[in-house]
Amino acid sequence: MVKKDLRPPNLNITPEDYKELTTQLSPKPTLLKNTLLAFLIGGLICSIGQVFVNFYMIYGGLPPLSASTAGTASLIVIGAVLTGLGVYDDIVKVGGAGAILPVTGFANSMVSPAMEYKKEGYVFGVGAKLFSVAGPVLVYGISSSIVVGFIYYIVGLVR
Amino acid sequence: MGSKKVGNQTIVFENGPYIISGHTIAGPMEGQGPLAASFDTILKDTSDGEKSWERTESKMLEKAMREVANKADIPLDSVDYLLAGDLLNQIISSNFAARQIGLPFIGLYGACSSMALSMAMGSMLIDGGFGSKVICSASSHHETAERQYRLPTEQGNQRPMYGQWTVTGAGGVLLSDSGTGPKVTTATIGRVIDYGETDVNNMGAAMAPAVADTIINHLNDLQRQADYYDLIVTGDLGSVGLQLLLKVLEKNNVKIPNNFNDCGVMIYNTEQDTHAGGSGCGCSAIVFAGHLLKKVYAGNLKKILFIGSGSLHSPTSALQGETIPAIGHAVSIEV
């Protein structure tokens, strides 16, 4: 998107050519490596979650649904603690979306603003900015679940 | 009137000020980089005992200001003006540091070009006879910049390979109308140039045309070739921006001898994984007032063109989809 109304510089290169040059010279993300690492780290986090779920079912005697809720809660605690220790951002650096998408990533996006904005006080710091990262996920996650739920309801009526 | 201005944008100082001292304070990560030996102080951690990183940054800047006067062995009270700039909203690091010092203060905002801008303005003040001693300084802090411009510091994310790492550092120089050694001989004030870059992670690409424009005007105004200088050093274009700059200069028929470098490229090792290099006001401030100034004092460099590069966007403008305007300010230092 190049705006034509900006005062044109006298350099002997057009914005279009410059854009092309920029694309050429900017290093590309290492897609294959990133995808593979995301798969491994994401898989690892989910496997750990599964270990918790099985543990709660076998040794805790919880029914499957409660066990998976407890497993999720355990992952949230782990994600929150690792964020507090300053480790989780390093895990995401390697794992990318594999570490952002699981619920541990959600914990990271809640705990990191809470830590960060405490310096600005509990009301206008933590209170106002707690959802600065997770907020959009919640807004659109909840909105889309309402839409899907509505469709599900209509489909149920028709059948 | 007008005799000091040459060509379109350049000022040739009649009585160019001497750079009589420089002081640098660097963060822990910069202290592990290749220029570690050139920094006066290296912080052990990024907060340095303060309750907020903003306070740390301001303290670093204040210390740099005090130390340049100390090193030159002149009382702080005999300094006529304090010039400083930083990246934070309302340039609080500079304002708060100046509050502690209590000298006449001119706050500057040129984003990452602030160090070069402060030196250009300081030289004008001295050459114009408005004062005899001026402190020129700038600072940035990785964490304060990160939380203002991007995300909470512990929030996990993957930075693109062309992204740059904001330097934690504060640097200052003391300009004086008397003394010996290197002098600021010319300054070229940059124009704001926008080539339509919208990616705030690719600031090198946003700034390279502005820097190219300033260099071309500087060379044209003074009818010099690039090989006049031992070193042409840009502020914080990073590895991508530096390549782009050379390409743009080439297309504009500037002969490029092998004397270009960039503070953002020099400050970190590739193993430090900062991707395209350093950025922030502190980047060019500590590389210039530390590494480069020491080389000039030692006689290893005699003629330097130092071009600070700043990208003049804000988090708001970026979210609203505006392109990134950029600027480059040049000062030449000659022994």
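Here are some notes on this two-chain structure, which is a predicted model.

1. **The make-up of chain A.** Let's begin with the helical chain. Chain A has 8 helices and 0 strands. Reading from the N terminus, its elements run α-α-α-α-α-α-α-α. The radius of gyration of chain A is 22 Å, well over the 15 Å that the globule rule gives for 159 residues, so chain A is more spread out than a compact globule. You can see its extent in the C-alpha trace, which spans about 75 × 50 × 40 Å along the principal axes.

2. **Burial and contacts in chain A.** Of the 159 residues in chain A, 24% are buried. As for the contacts of chain A with a separation of 6 or more, 56% of them are between residues 24 or more positions apart.

3. **A residue worth a look: Ile151(A).** Is Ile151(A) buried or exposed? Ile151(A) is exposed, because 10 other C-beta atoms lie within 10 Å and a residue with 12 or fewer counts as exposed. Ile151(A) sits in helix H8 of chain A, which covers residues 134-158.

4. **Where the chains meet.** The contact between the chains draws on 36 residues from chain A and 32 residues from chain B. On the chain A side, the elements that give two or more residues are helix H1 (15-25), helix H4 (88-95), helix H5 (97-100) and helix H6 (103-116). Which of them gives the largest share? That is H6(A), with 7 residues. Sorted by class, the side of chain A that touches chain B has 20 nonpolar, 10 polar and 6 charged residues.

5. H3(B) has 14 residues and reaches 20 Å from its first C-alpha to its last, close to the 20 Å expected at 1.5 Å a residue. Of those 14 residues, 13 are buried, so H3(B) is largely enclosed by the rest of the structure. Just after H3(B) comes Gly129(B), with a positive phi of about 80°.

6. **Strand pairing around E10(B).** Which strands pair with E10(B)? One is strand E2 (residues 10-12) of chain B, which pairs with strand E10 (residues 183-188) in the antiparallel sense over 3 bridges. In that pairing, Thr10(B) stands opposite Thr188(B) in E10(B). Another is strand E15 (residues 326-334) of chain B, which runs antiparallel to E10(B) and is joined to it by 5 bridges. Here the bridge partner of Lys183(B) is Glu334(B) in E15(B).

7. **Two residues with positive phi in one loop.** Do check the loop between helix H7 (263-266) and strand E13 (278-279) of chain B, where Asp273(B) is found. Asp273(B) has a positive phi of about 55° although it is not a glycine. His275(B) is also in the loop between H7 and E13 of chain B. The phi of His275(B) is positive too, at about 70°, although it is not a glycine. What about their surroundings? Asp273(B) is exposed, with 10 other C-beta atoms within 10 Å, whereas His275(B) counts as partly exposed, with 19 C-beta neighbours inside 10 Å. A residue is buried if 20 or more other C-beta atoms lie within 10 Å of its own, so His275(B), with 19, counts as partly exposed.

Methods
Residues are numbered from 1 along each chain as its sequence is written. Chains are lettered from A and ligands numbered from 1 in the order in which they are written. This is a predicted model: local features need pLDDT of at least 70, side-chain atom pairs count only at pLDDT 80 or more; totals for chains, interfaces and linings use all residues. Two residues are in contact if their C-beta atoms, placed from the backbone, lie within 7 Å. Helices (H or I, at least four residues) and strands (E, at least two) are DSSP runs, numbered from the N terminus. Ala, Val, Leu, Ile, Met, Phe, Trp, Tyr, Cys and Pro count as nonpolar, Asp, Glu, Lys and Arg as charged, and the others, Gly among them, as polar. The radius of gyration is taken over C-alpha atoms; the globule rule is 2.2 Å times the number of residues to the power 0.38. The expected span of a helix is 1.5 Å times one less than its number of residues. Two strands pair if DSSP finds at least two bridges between them.
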